[in-house]
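Here are my notes on the model. Please read them beside the coordinates.

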Amino acid sequence: MDQGTPPAQATISIVVPCYNEAKVIAETLRRLVALAKGLQDDVELIFVDDGSSDSTREIVKSYDSDGIPVRLVGFSRNFGHQIAVSAGINAAKGDAVVLIDADLQDPPEIIPEMIRKWRDGYEVVYGVRTERPGESMFKLATARGFYRLLNEFSDVPIPFDTGDFRLMSKSVADVLRAMPERDRFLRGMVSWVGFRQTPLPYKRAPRFAGETKYPLAKMVRFAVDGILSFSIKPLQLSVSLGMTCAVMAVLGIAYALYLRIFTDIWVEGWTALMIAVLFLGGVQLISVGILGEYVGRIYSESKGRPLYVVDEYYGFPPP
């Protein structure tokens with residue numbers, strides 16, 4: 001059998017990152033268990049507890065799944081959503097891996113359609129949000145702007161209006177496991193991998209309960225990670241700005257010398273001087289800041305620390 005051909009009786013690993021989801025996790029388990037029972041394939045549910053301070057972990061461990069394997073990877077502290085998803089991929093043993101958040105905004109009921117497309121020969125089936133009820137106009141506008149800005153900067157095209165909700169074949173999951181970078185932007189990494197990929201449009205649901213784990217500051221940080229992880233264009237932009245400023249400075253010097261030597265007019269006014277100084281200083285600080293972001297990532301990678309620390313595995317078969 002070809003490595004990319006799904007077996008007749010496949011195992012589907014569904015990875016669910018969790019962080020303080022006690023208000024919703026029981027409903028998530030109920031819907032995922034019901035889904036698993038309706039599939040012809042075998043299913044394992046892998047929950048990654050990203051250092052929750054509430055009872056999320058205890059609810060997962062005590063849930064009666066009626067024979068559907070429920071496994072848990074418990075972090076020693078909070079390492080972040082993208083790291084939690086990566087840990088779930090590392091722990092998954094299925095022929096296909098499905099990524100879905102615990103808040104039920106991405107409906108588990110369309111996973112069977114993802115599996116059908118996978119059996120049709122696609123290695124990646126990614127969800128595309130056609131509607132996003134319950135989200136503010138500001139968040140919708142910034143999300144649209146982010147994806148368009150990201151594609152302007154990125155060397156790899158990343159589909160618009162997508163999240164981490166997707167199905168990946170074992171081949172794609174194996175490549176992701178071999179990518180050790182710390183500043184992870186998984187939807188971009190999956191696009192970089194290649195293979196046959198196809199969208200699956202769906203209507204996103206309002207959050208079932210609890211609060212979003214991505215406030216504005218975290219979203220900005222996530223956007224910066226996405227851009228800097230897949231492009232050096234910000235560095236090239238800072239060089240372009242520096243060259244533009246240098247040309248403008250030379251022209252300004254030439255103009256000032258011309259006025260001083262060939263006319264009786266002197267360059268006057270502190271306003272123009274302050275504008276020039278502030279403009280050049282701002283460009284320099286922006287360029288240094290961009291460079292610092294890249295250097296910081298080099299420093300982080302050079303330490304060679306593990307991506308995460310696990311203090312508990314639950315529900316996994318013995319090694």
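This is a predicted model: local features need pLDDT of at least 70, side-chain atom pairs count only at pLDDT 80 or more; totals for chains, interfaces and linings use all residues.

Is Leu280 buried or exposed, or partly exposed?

1. Leu280 is partly exposed, at 33% relative accessible area. Buried means under 20%, exposed over 50%, partly exposed in between (1.4 Å probe, protein chains only). Leu280 sits in helix α10, residues 270–302.

2. Residues are numbered from 1 along each chain as its sequence is written, and side-chain values use heavy atoms, without hydrogens and water.

3. The largest nonpolar core has 33 residues. Such a core joins buried Ala, Val, Leu, Ile, Met, Phe, Trp, Tyr and Cys residues through side-chain atoms within 4.5 Å. Ile14, Leu45 and Phe47 have the most contacts inside this core. Elements supplying at least two residues each include β1 (11–18), α1 (25–38) and β2 (42–49). Helix α1 gives the most, with 6 residues.

4. Leu45 is in contact (heavy atoms within 4.5 Å) with Ile14, Leu32, Val33, Ile68, Pro69, Val70 and Arg71, leaving aside neighbours within four places in sequence. Apart from this core lies another, of 29 residues, among them Phe79, Ala91, Leu99 and Val172.

5. Check Thr198 too, in strand β7. Thr198 counts as buried, at 9% relative accessibility. Not counting residues up to four places away in sequence, Thr198 touches Lys117, Tyr122, Val124, Val125 and Tyr126.

Notes. Helices (H or I, at least four residues) and strands (E, at least two) are DSSP runs, numbered from the N terminus.
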